[in-house]
Amino acid sequence: MYSPQIILEAMLNGLMTGAVYALIALGLTLIYGVLHIINFAHGALLTCAMFAVWVAWAWLGMDPYLAIPILVPLMFALGYGLQRFVIGPASHGDDGNILLVTLGLSIILENVLLATFQSDTRTLDTDYSFQVVPVGPLLLSTPRLIGLVAAVVVTALLWLVLNRTDTGKAIRAVAKEKLGANLVGIDVPHIYAVTFGIGCACLAVAACLLMPTFYVNPRIGNVFVLVAFTVVVLGGMGSIPGALLGGLFIGVVESLC
C-alpha cells in the first residue's frame, strides 16, 4: 500500500497538471460553444505558441512567464486573422467545410514548424524549473503551482468577460442564436473571429506555463489536444467552469494512475 503522503502529493500534483490541461481546453470549448465546430488546428496553434516561448527565451533571453503579456495579444491577433481571413472565407459558412479547413490548417502549421525548426526536441532551462515548495511534509513543483493559480485566474477573467462585458454578451448571443444576433446588429463574423482569438490567447498562457517544465517539437500539440478533447467532453461542450473542473479531474486521475 502507498502511504497517505504519497497519495496526497500525487493528487495535488495532478491538480496542478490538470490546471494547464484546463487552460488548453478552455479555448477549445469556447470555440465549440460559439462556432459549434471542433477546431482541429488547436494542437498546432499550441505548438506555435510553445515555439514562440522557446524563441523568446533562446534568442531574446526572455523569461517564459514574462512572455505572457507579449504572446497573448500576438496569439489573439493570429487567431482573429485566421478565422476572419482564412477559415471563414474558405468554409463559406458550412460547418463541414470548417472542419476540413482547420484540419488542413493544422497540417500546414505542423509542416511549417517542421521545416523551420526541424524535428529536434527543444527545452529551456530556468532557475525555477525544478524548484519545489514545501507544504508540511509535501513537496510541490513551483512551476506547476504557478500554473494552477494562473489557470484559476484566467478562467475567472474569461467568465467575467463573457458575463460582464458587451463583447461577452455579444459572444453569448451569437452562441445562442446566430440569426437573431445578426438581426439586432451584432457583427457575427467579427464575433466569430474574436472568439477564435480568445481561444488562441488561452493557448498562449498555457504555452508559457508549460515550457519551464516541458519540451517542444513540431508535433507536441497533438498530445495535449487529445487530452483537451477529453476534458471538453467530460466538462460539457461549451462550458467554461466545466473545462476547468474537467481538466483538474483528468490531471488527478492521470497522476494517481
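1. Asparagine 39 touches Leu28, Ile31, Leu45, Thr102, Phe196 and Phe229, leaving aside residues up to four places away in sequence; contact here means heavy atoms within 4.5 Å. Asparagine 39 sits in the loop between α1 and α2, with helices (H or I, at least four residues) and strands (E, at least two) taken as DSSP runs numbered from the N terminus. Asparagine 39 is buried, at 1% relative accessible area. The classes are buried under 20%, exposed over 50% and partly exposed in between, using a 1.4 Å probe and protein chains only. Its side chain also reaches the backbone nitrogen of alanine 41 at 3.0 Å.

2. A word on provenance: this is a predicted model, where local features need pLDDT of at least 70, side-chain atom pairs count only at pLDDT 80 or more, and totals for chains, interfaces and linings use all residues. Residues are numbered from 1 along each chain as its sequence is written, and side-chain values use heavy atoms, with hydrogens and water left out.

3. Isoleucine 38 is in the loop between α1 (4–35) and α2 (42–60), and is partly exposed at 32% relative accessible area. Isoleucine 38 belongs to a nonpolar surface patch of about 570 Å², together with Phe40, Leu99, Leu103, Ile107, Val233 and Met237. Patch members have over 30% relative accessible area and no salt bridge, and nonpolar side chains (Val, Leu, Ile, Met, Phe, Trp, Tyr) are joined within 5 Å. Helix α4 (residues 95–117) gives the largest share of the patch, 3 residues.

4. Have a look at α10 (residues 240–256): its 17 residues reach 25 Å from first C-alpha to last, close to the 24 Å expected at 1.5 Å a residue. That expected span is 1.5 Å times one less than the number of residues. Buried residues in α10 include Ile240, Leu244, Leu248 and Val252, along with the glycines Gly242, Gly246, Gly247 and Gly251. Among the elements covering the buried residues are α1, α5 (142–164) and α9 (221–235).

5. What caps the N-terminal end of α10? Serine 239 does, with a side-chain oxygen 3.0 Å from the backbone nitrogen of glycine 242. Proline 241 is in helix α10 too, and is partly exposed at 44% relative accessibility.

6. One backbone angle to check: glutamine 118 has a phi near 65°, positive although the residue is not glycine. Most residues other than glycine have a negative phi. Glutamine 118 lies in the loop between α4 and β1 (132–135), and is partly exposed at 45% relative accessibility.

Notes
Patches are made of residues with over 30% relative accessible area and no salt bridge: like charges are joined within 9 Å, nonpolar side chains (Val, Leu, Ile, Met, Phe, Trp, Tyr) within 5 Å. Accessible areas come from the Shrake-Rupley method with a 1.4 Å probe; for residues, only the protein chains shown count as cover. A salt bridge is a side-chain nitrogen of Lys or Arg within 4 Å of a carboxyl oxygen of Asp or Glu. A polar contact is a pair of N or O atoms within 3.5 Å; within protein, one must be able to donate a hydrogen and the other to accept it, and residues adjacent in sequence count only if both atoms are side-chain atoms.
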